[in-house]
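Keep the model open while reading.

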Amino acid sequence: MIDKRRIQRDLPKINERIRFPEIRVIDSDGSQLGIITPDEALKVAQERELDLVLVSETAKPPVCRIMDYGKYKFEQEKKAREAKKKQHTADVKEVKMRYKISEHDYQVRVNQAKRFLKSGDKVKATITFRGREIQHSNLAQDLLSRMATDLKELAEIQQAPKREGRNMMMLMSPKKESK
């Protein structure tokens, strides 16, 4: 069975759903009609073929506005869609290498990381060890530190180099531009 109170709570407070002894009413052009009862305000709204919409419930007395609710709802959804369009989700891109990497290959990895950072993504630099190579974790630490200094204009270190099993990793995020 669906709870009737839950349905009532999900619906917006418009027209007959506004239950307060008195409310402050704002006209469709922005002028105030004063503090009146919801019934009187509803009559005024119906005369103009508009809706009475609760804008601020917490104010004393609560504030309602006379407007076209369908148009208002459409505008709110439009604003939400625009905000969602401008939003960029930061992915974590990974750059893998070994501690015995050649200079040219290292530069390729640095350029990849730069490209990822410029597009607004985080970069996880991972160094993999095989067999006894794990004894040379200090060389891997030096390599990650070198990468951090090479990328210091674009990135800030979010997680310092640390060992996780047979890997050593470091997480960098793009620097925030100061405005």
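The model is predicted.

## Annotated domain

An unreviewed UniProt entry carries the annotation "domain: Translation initiation factor 3 N-terminal" for residues 14-83. Across residues 14-83 the chain is 36% helix and 29% strand. The end C-alpha atoms of that stretch are 26 Å apart.

## Aromatic pairs

Rings of Phe, Tyr and Trp pair if their centres lie within 6.5 Å. By this rule there are two aromatic pairs. One of them joins Tyr-69 and Tyr-72, at 6.2 Å centre to centre. Their planes make an angle of 40°, and the pair is tilted. Both residues belong to helix α3 (residues 69-86). They are three residues apart, about one turn of the helix. Tyr-69 has 16% relative accessibility and counts as buried. Tyr-72, at 33%, counts as partly exposed.

Tyr-99 and Phe-129 also pair, with ring centres 6.3 Å apart. Their planes stand at 40°, so this pair is tilted. It links distant parts of the chain, 30 residues apart. Tyr-99 is in the loop between β5 (92-97) and α4 (103-118). Phe-129 is in the loop between β6 (122-128) and α5 (137-150). Are these two residues buried or exposed? Tyr-99 has a relative accessible area of 15% and is buried. Phe-129 is buried too, with a relative accessible area of 2%.

## Helix α4: span and faces

How far apart are the end C-alpha atoms of α4? They are 23 Å apart. At 1.5 Å a residue, the 16 residues of α4 should span 22 Å, so the two values agree.

The buried residues in α4 are Tyr-106, Val-110, Ala-113, Phe-116 and Leu-117. They lie on the same side of α4, because they cover an arc of only 120° around the axis. The face turned away from that buried side carries the exposed residues His-104, Arg-115 and Lys-118.

What covers the buried residues of α4? The cover includes β5, β6, α5, β7 (155-164) and β8 (167-174). Tyr-106 has a charge over its ring: the charged end of Arg-146 sits 4.0 Å from the ring centre. Gly-120 follows α4, and its phi is positive, near 90°.

Note on methods:
Residues are numbered from 1 along each chain as its sequence is written. This is a predicted model: local features need pLDDT of at least 70, side-chain atom pairs count only at pLDDT 80 or more; totals for chains, interfaces and linings use all residues. Side-chain values use heavy atoms; hydrogens and water are left out. UniProt positions are given in the numbering used here, feature names are shortened, and annotations may be inferred rather than shown by experiment. Helices (H or I, at least four residues) and strands (E, at least two) are DSSP runs, numbered from the N terminus. Rings of Phe, Tyr and Trp (its six-membered ring) pair if their centres lie within 6.5 Å; planes under 30 degrees apart count as stacked, over 60 as edge-to-face and the rest as tilted. Buried means under 20% relative accessible area, exposed over 50%, partly exposed in between (1.4 Å probe, protein chains only). A charge sits over a ring if NZ of Lys or CZ of Arg is within 6 Å of the ring centre and within 35 degrees of the ring normal. The expected span of a helix is 1.5 Å times one less than its number of residues. The arc is that of the directions from the helix axis to the C-beta atoms. Contact means heavy atoms within 4.5 Å.
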